[in-house]
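The stops below run from the whole chain to single residues.

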Amino acid sequence: MLVLGIESSCDETAAAVVENGTKVISNEVVSQIDIHTLYGGVVPEIASRCHVEAISSLVRKALEPVGGIQNIDAVAVTYAPGLIGALLVGVNFGKSLAFAAGKPLVPVHHLRGHIAANYLTDPTLTPPFTALVVSGGHSHIVNVGNHTTFTVVGKTRDDAAGESFDKVARVVGLGYPGGPKVDKLAQEGNANIELPKTHFENLDFSFSGIKTAVI
């Protein structure tokens with residue numbers, strides 16, 4: 001089975017064709033990092049506009065190795081969570097393309113997509129397992145029962161880890177994206193700063209206190 005995947009939840013427009021859930025046939029990405037760096041973070045309205053400009057040609061390029069949309073079995077698109085305007089670009093494009101081509105449309109939850117990406121890097125991976133999801137806007141611990149059953153056992157109660165990196169980097173003048181830049185400097189520094197630790201009785205996280213302490 002060949003599935004066309006479309007992603008537009010934040011600051012990258014992406015389109016890929018995957019065979020049987022584990023083999024990547026094509027993977028095309030247009031990044032907006034250079035644009036958002038000017039503002040110190042992602043500007044939702046600009047992100048949406050950039051998705052509109054990139055998505056049509058990007059999907060066309062992703063379909064080239066399989067000979068076009070007629071050879072695709074289904075269209076999958078990220079529907080949530082993410083920036084609303086950015087998501088709408090991908091969802092509306094995916095819906096229109098699937099309808100015009102007579103193909104099934106599969107809505108994909110963003111965090112489930114993060115977890116499913118592990119099957120691409122390790123085709124032998126099979127549930128059950130526990131996954132740690134860490135991205136710009138999300139920090140979750142998820143028990144994966146099978147390919148479609150997920151149970152959240154812990155998550156951030158405030159900021160996500162990636163969001164905290166970006167905010168701290170902006171305040172101290174490192175720019176966007178903050179994670180890689182803070183991480184690089186951390187490897188060269190000395191651990192001589194005591195940061196607060198947050199403790200819950202369950203597996204939840206909290207990063208806002210650490211972010212405030214650093215700032």
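## Whole chain

Of the 215 residues of the protein chain, 36% are classed as buried, where buried means under 20% relative accessible area, exposed means over 50%, and partly exposed lies in between (1.4 Å probe, protein chains only). The model is predicted, so local features need pLDDT of at least 70 and side-chain atom pairs count only at pLDDT 80 or more, while totals for chains, interfaces and linings use all residues. Residues are numbered from 1 along each chain as its sequence is written, and side-chain values use heavy atoms, with hydrogens and water left out.

Colour by secondary structure: the protein chain has 8 helices and 8 strands. These are DSSP runs numbered from the N terminus, with helices being H or I of at least four residues and strands E of at least two. Show the C-alpha trace and it fills a box of roughly 60 × 40 × 30 Å along the principal axes. Of the contacts (heavy atoms within 4.5 Å) between residues at least 6 apart in sequence, 56% join residues at least 24 apart.

## The cores

Select L4, I6, V17, V59, L63, I69 and I72, the residues with the most contacts inside the largest nonpolar core, which has 19 residues. A nonpolar core is a set of buried Ala, Val, Leu, Ile, Met, Phe, Trp, Tyr and Cys residues joined through side-chain atoms within 4.5 Å. At least two residues of this core come from each of β1 (2-7), β2 (12-19), α2 (44-63), β4 (74-80) and α3 (84-101). The largest share, 5 residues, is supplied by α2.

Centre on V59, in helix α2. V59 is buried, with a relative accessible area of 3%. Leaving aside neighbours within four places in sequence, V59 is in contact with L4, I6, A15, F93 and L97.

Move to I72. With neighbours within four places in sequence set aside, its contacts are L2, V3, L4, V17, L63, V66 and K103. Then select I115, Y119, V142 and V144, which are included in a second, separate core of 8 residues.

To see the contact, select S48, H51, V52, I55, S56 and V59 of α2 with G85, A86, V89, G90, F93 and L97 of α3. By class, the contact of α2 with α3 has 7 nonpolar, 5 polar and no charged residues. Here Ala, Val, Leu, Ile, Met, Phe, Trp, Tyr, Cys and Pro count as nonpolar, Asp, Glu, Lys and Arg as charged, and the others, Gly among them, as polar.

Next, display α6 (161-171) and α7 (178-188). Their axes come within 8 Å and cross at roughly 75°, and α6 and α7 are therefore roughly perpendicular to each other. F165, D166 and A169 in α6 meet G178, G179 and V182 in α7. This contact of α6 with α7 divides into 3 nonpolar, 2 polar and 1 charged residues.

## Backbone and loops

Most residues other than glycine have a negative phi, and most peptide bonds are trans. Zoom to A80 and P81, which are joined by a cis peptide bond with omega about -15°. P81 lies in the loop between β4 and α3. The bond from P127 to P128 is also cis, with omega near 5°, and P128 is in the loop between α5 (118-121) and β6 (129-134).

Now select N20, in the loop between β2 and β3 (23-31). N20 is not a glycine, but has a positive phi of about 55°. N20 is exposed, with a relative accessible area of 52%.

Finish at R157, in the loop between β8 (150-155) and α6. Its relative accessible area is 49%, which is partly exposed. Apart from neighbours within four places in sequence, R157 is in contact with F200, N202, D204 and F205.

Definitions and conventions: Axes fitted to C-alpha atoms, helices over the stretch in contact; angles between N-to-C directions. Parallel < 35°, antiparallel > 145°, perpendicular 65-115°, else oblique.
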